[in-house]
Amino acid sequence: MSTTASGTSGRKIVLWRHGQTAWNLERRFQGSTDIELTDAGVAQARRAARLLASLKPDAIVASDLRRAAATAAELAAVTGLSVEHTAALRETYAGEWQGLTHEEILDKYGEQYAAWKRGEPVRRGGGELETEVAERAAPVVLDHADRLPRGGTLVVVSHGGTIRTTIGRLLGLDSYHWEGFGGLSNCCWSVLGEGARGWRLMEHNAGTLPEPVLGDDD
């Protein structure tokens with residue numbers, strides 16, 4: 001692969017969270033449940049797509065869940081790029097937590113929730129560990145990034161929890177510290193740039209004026 005004088009190819013990875021869903025508004029844990037965008041979510045994706053198109057991305061890869069696929073489709077429409085869909089970029093499978101509101105999770109699984117927030121490896125609702133999510137998602141992102149031309153940009157359309165764990169893995173951070181990344185608002189994104197020592201975080205939760213983070217792990 002061609003490199004710049006600094007020893008890197010100057011690639012960028014934009015990790016873009018999907019638009020709003022009804023379950024986001026209800027604060028229900030979506031996980032891998034296939035929920036579609038609201039009309040407002042489609043409008044968010046359309047607006048964000050116009051901004052991201054100005055980055056002149058070279059490739060788009062997305063989760064195959066409808067909320068992410070529909071978000072990616074808006075960027076494809078304005079760039080002319082095709083979208084590669086993959087289940088590897090789906091949100092964390094969270095078993096019995098899925099479909100429950102935040103309050104219901106605290107009521108039924110309070111100890112499990114507290115352990116997760118303490119940084120312990122927890123299979124929320126009997127589902128995936130965060131490290132397992134990173135193990136399936138991060139290699140796919142890296143594989144697509146490796147195909148970029150010098151100075152190229154990859155847009156990854158995924159979900160809040162999956163994006164957080166992928167960023168943590170690509171930055172080489174211990175999983176305990178992944179919670180240190182604040183949540184992503186609907187249709188906002190983070191940017192990783194290639195530096196001499198590997199990937200580094202250049203932007204986080206960018207895109208618009210600050211909006212509340214609704215249902216980050218979904």
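Biologist: Where do Tyr113 and Trp116 lie, and how many residues apart are they?
Modeller: In this predicted model, both sit in helix H5, three residues apart, which is about one turn of the helix.

Biologist: Are those two buried or exposed?
Modeller: Tyr113 is buried, and Trp116 is buried too.

Biologist: How many aromatic pairs are there in total?
Modeller: The count comes to five aromatic pairs. Take Phe29 and Trp97: their ring centres are 5.8 Å apart and the planes stand at 85°, so this pair is edge-to-face, given that over 60 degrees counts as that. Tyr113 and Trp116 also make an edge-to-face pair, with 5.6 Å from centre to centre and 75° between the planes.

Biologist: Back to Phe29 and Trp97, which parts does that pair tie together?
Modeller: Phe29 is in the loop between helix H1 and helix H2, and Trp97 is in the loop between strand S3 and helix H4, so the pair links parts 68 residues apart in sequence. Phe29 and Trp97 are both buried.

Biologist: Which residues form the aromatic cluster?
Modeller: One cluster is made of Phe29, Trp97, Tyr109, Tyr113 and Trp116.

Biologist: What sits over the ring of Trp116?
Modeller: The charged end of Lys117 does, 4.5 Å from the ring centre. Arg124 also lies over the face of Trp116, at 4.2 Å from the ring centre.

Biologist: New topic: what volume does the second largest pocket have, and how many residues line it?
Modeller: Its volume is about 220 Å³, and 13 residues line the pocket, with Gly119, Glu120, Pro121, Glu130 and Ser175 nearest its centre. Helix H5 and helix H6 each give two or more residues to that lining.

Biologist: How does the lining divide into nonpolar, polar and charged?
Modeller: Five are nonpolar, three polar and five charged.

Technical notes
Residues are numbered from 1 along each chain as its sequence is written. This is a predicted model: local features need pLDDT of at least 70, side-chain atom pairs count only at pLDDT 80 or more; totals for chains, interfaces and linings use all residues. Side-chain values use heavy atoms; hydrogens and water are left out. On a 1 Å grid over the protein atoms alone, a cavity is a set of points where a 1.4 Å probe fits but cannot get out, and a pocket is an open set with protein on both sides within 12 Å along at least five of seven lines; lining residues have an atom within 4 Å of a point. Grid points are joined across faces, edges and corners, and a volume is the space filled by probe spheres set on the points. Helices (H or I, at least four residues) and strands (E, at least two) are DSSP runs, numbered from the N terminus. Ala, Val, Leu, Ile, Met, Phe, Trp, Tyr, Cys and Pro count as nonpolar, Asp, Glu, Lys and Arg as charged, and the others, Gly among them, as polar. Rings of Phe, Tyr and Trp (its six-membered ring) pair if their centres lie within 6.5 Å; planes under 30 degrees apart count as stacked, over 60 as edge-to-face and the rest as tilted. Buried means under 20% relative accessible area, exposed over 50%, partly exposed in between (1.4 Å probe, protein chains only). A charge sits over a ring if NZ of Lys or CZ of Arg is within 6 Å of the ring centre and within 35 degrees of the ring normal.
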